[in-house]
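Colleague: I am new to this structure and would like to learn how to read it. Could you take me through it, feature by feature?

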Amino acid sequence: MTKFTPTETIQLDEVKRRIKEFKNGDKNATGIFLGYPSEVKSLVEKGILKPSYRETKRVLNWYDLTENGKNYV
C-alpha cells in the first residue's frame, strides 16, 4: 500500500468528494480534479492521477484517475 503525505491525503479526499458530488460516483469520469501541476506532481509520480489533456505549467489543469487511482479511491 502506498503511503501518502498529509497534503496528498487532503487532495485525495477532495477527489473522493468531487466524484461523489459532481460525477455521481463514476470513477471513470473525466475532469475529476482541478489543480496546478506543482500541486499534484507527487500524485502523478505515484500513478494516482494523470492529466486529462496536455499539461500546461503554472495554470490550472484537469486531472483524471489512473487505474491505480481508481483502485485506491
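Modeller: Let us begin with the sheet, an open one of three strands in the order β1-β3-β2 with antiparallel pairing, where helices (H or I, at least four residues) and strands (E, at least two) are DSSP runs numbered from the N terminus, and two strands pair if DSSP finds at least two bridges between them. β1 (33–35) and β2 (49–51) stand at the edges with a single partner strand each, so one side of each is left without a neighbour in the sheet. Please keep in mind that this is a predicted model, in which local features need pLDDT of at least 70 and side-chain atom pairs count only at pLDDT 80 or more, while totals for chains, interfaces and linings use all residues. Residues are numbered from 1 along each chain as its sequence is written, and side-chain values use heavy atoms, with hydrogens and water left out.

Colleague: Which residues stand opposite each other where strands pair?

Modeller: Strands of a sheet pair through backbone hydrogen bonds, either parallel or antiparallel. Here β1 and β3 pair in the antiparallel sense over three bridges, and L34 has W62 in β3 as its bridge partner. Three bridges also join β2 to strand β3 (residues 61–65), again in antiparallel fashion, with P51 standing opposite Y63 of β3.

Colleague: Is β3 mostly covered or mostly open?

Modeller: Buried means under 20% relative accessible area, exposed means over 50%, and partly exposed lies in between (1.4 Å probe, protein chains only). By that rule four of the five residues of β3 are buried, and the strand is mostly covered. For the chain, buried residues make up 33% of the 73 residues. A contrasting case is E67, which lies in helix α3 (residues 67–72) and counts as exposed because its relative accessibility is 56%.

Colleague: How should I read the packing of two helices, and at what angle do α1 and α2 cross?

Modeller: Two packed helices are described by the angle between their axes and the distance between the axes. The axes of α1 (residues 6–22) and α2 (residues 37–45) come within 10 Å and cross at roughly 95 degrees; axes are lines fitted to C-alpha atoms, for helices over the stretch in contact, and angles run from 0 to 180 degrees between N-to-C directions. That makes α1 roughly perpendicular to α2, since angles of 65 to 115 degrees count as roughly perpendicular, under 35 as roughly parallel, over 145 as roughly antiparallel and the rest as oblique. E8, Q11 and L12 of α1 meet E39, V40, S42 and L43 of α2 in this contact, where contact means heavy atoms within 4.5 Å.
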